[in-house]
Each structure stands twice: as structure tokens, then as C-alpha cells.
Amino acid sequence: MTYEIINNAVKINAENGELNNAAGILEQLINIKYETDIIFFIIPKEALPEAFFDLKTGFAGEVLQKLVNYGLKAAIIGDFSVYQSKSLKDFIYESNKGKHVKFLASIDEVAKVSTDPFYTPANMKALEKSIKQAKDGKLISKTIEELQDME
């Protein structure tokens with residue numbers, strides 16, 4: 001398995017059900033997290049075994065629970081319309097309402113999922129405003145002690 005970094009996310013390059021062991025998946029993702037300091041992973045549907053999409057096996061629940069427990073986030077990318085299971089459709093729907101794991105149709109949709117809350121549009125607007133103020137000389141510098149004395 002290889003990976004590449006795309007916009008503060010790690011895209012896993014694996015296929016043909018290569019990620020077929022829950023503990024192995026977690027171990028690989030944690031290793032990548034420590035190498036890159038990135039907690040958001042893009043996983044192609046094809047990298048997961050079919051057992052992942054058969055909820056009776058418990059494989060998906062085990063993998064997603066471990067992701068959440070270790071503070072990792074993921075977008076699983078692919079065409080999920082091929083699955084007719086109502087329970088899987090409900091599982092995907094509920095996962096997409098949460099913050100940790102999203103099931104998306106294409107990698108283009110990943111940009112809609114906040115990979116780092118710092119880069120939300122509101123924060124970026126505030127940061128740009130602060131940069132402009134600093135460039136315009138409207139910057140006040142105080143030490144921690146000075147700020148504490150102001151209280």
C-alpha cells in the first residue's frame with residue numbers, strides 16, 4: 001500500500017480489497033499519521049474487501065470504531081449504489097451525518113468535508129483580515145504579562 005498527500009489529507013493507494021484486516025488497517029493508518037501528522041484519510045472503496053460492506057460481518061463497525069477511538073477521520077470514496085442492503089444504506093447515511101467517516105461518491109466531494117477545522121471559510125476570512133491589519137500597521141504587540149495586567 002502506498003499513499004499520497006492531497007490538500008492536508010492522505011489518499012490511500014490500494015485496491016482489490018488490499019485493506020482486508022481491521023487491525024492491519026488501523027496499524028497502517030496510525031503509522032502514516034505519525035509520518036505525516038495528518039489525521040484525515042481518503043480511502044477508495046476498492047481498497048476495502050466486500051466483507052466491509054456486509055454489515056453482518058462486523059468488519060465495517062470494527063474499522064470505523066477504531067478510527068474514531070484513535071481520533072482519525074476518513075472519506076471512503078466510491079459508488080455505493082451497487083449495494084441494496086437497507087442496513088448498509090442507513091449506516092452510510094448515519095456515518096455521513098457524523099464528523100469522523102464520510103462515504104462520498106468521488107474524490108471531488110472531499111473538498112466539501114472539512115479536513116481541518118482551522119481552514120473553514122470563517123477562519124480563513126478572519127485570518128486574511130488579521131494579515132491585512134498587520135500589513136497596514138494596525139498591529140498591537142503585548143507580552144503575556146502585559147495582557148494579564150490588563151485583567
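Here are some questions and answers about a predicted model, its sheet and its aromatic rings.

User: Before we start, what are the ground rules for this predicted model?
Analyst: Residues are numbered from 1 along each chain as its sequence is written, and side-chain values use heavy atoms, leaving out hydrogens and water. Totals for chains, interfaces and linings use all residues, while local features need pLDDT of at least 70 and side-chain atom pairs count only at pLDDT 80 or more.

User: In what order do the five strands of the open sheet sit?
Analyst: Strands here are DSSP runs of E with at least two residues, helices are runs of H or I with at least four, and both are numbered from the N terminus. Two strands pair if DSSP finds at least two bridges between them. The pairing is mixed, and the order is S1-S2-S3-S4-S5.

User: Which strands stand at the edges?
Analyst: Look for strands with a single partner, because one side of each is then left without a neighbour in the sheet. That picks out S1 (2–6) and S5 (101–104).

User: How many bridges join S3 to S4?
Analyst: S3 covers residues 40–44, S4 covers residues 73–77, and the two run parallel. Along the way, Phe-41 has Ala-74 as its bridge partner, and Ile-43 stands opposite Ile-76. The number of bridges is five.

User: Are the faces of S3 buried or exposed?
Analyst: Buried means under 20% relative accessible area, exposed means over 50%, and partly exposed is in between, with a 1.4 Å probe and protein chains only. One side of S3 carries Phe-40, Ile-42 and Pro-44, and the other has Phe-41 and Ile-43. On both faces these residues are buried.

User: How are the rings of Phe-53 and Phe-80 arranged?
Analyst: Rings of Phe, Tyr and Trp (its six-membered ring) pair if their centres lie within 6.5 Å; planes under 30 degrees apart are stacked, over 60 edge-to-face, and the rest tilted. Phe-53 and Phe-80 are 6.0 Å apart centre to centre, with 45° between the planes. This pair is tilted.

User: Why does that pair tie together separate parts of the sequence, and how many residues apart are they?
Analyst: Phe-53 lies in the loop between S3 and H2, whereas Phe-80 lies in the loop between S4 and H3 (86–97). So the pair ties together parts whose separation in sequence is 27 residues.

User: What kind of pair do Phe-53 and Tyr-83 make?
Analyst: Phe-53 is buried at 5% relative accessible area, and Tyr-83 is buried at 11%. Their ring centres are 4.8 Å apart and the planes are at 15°, so the pair is stacked.
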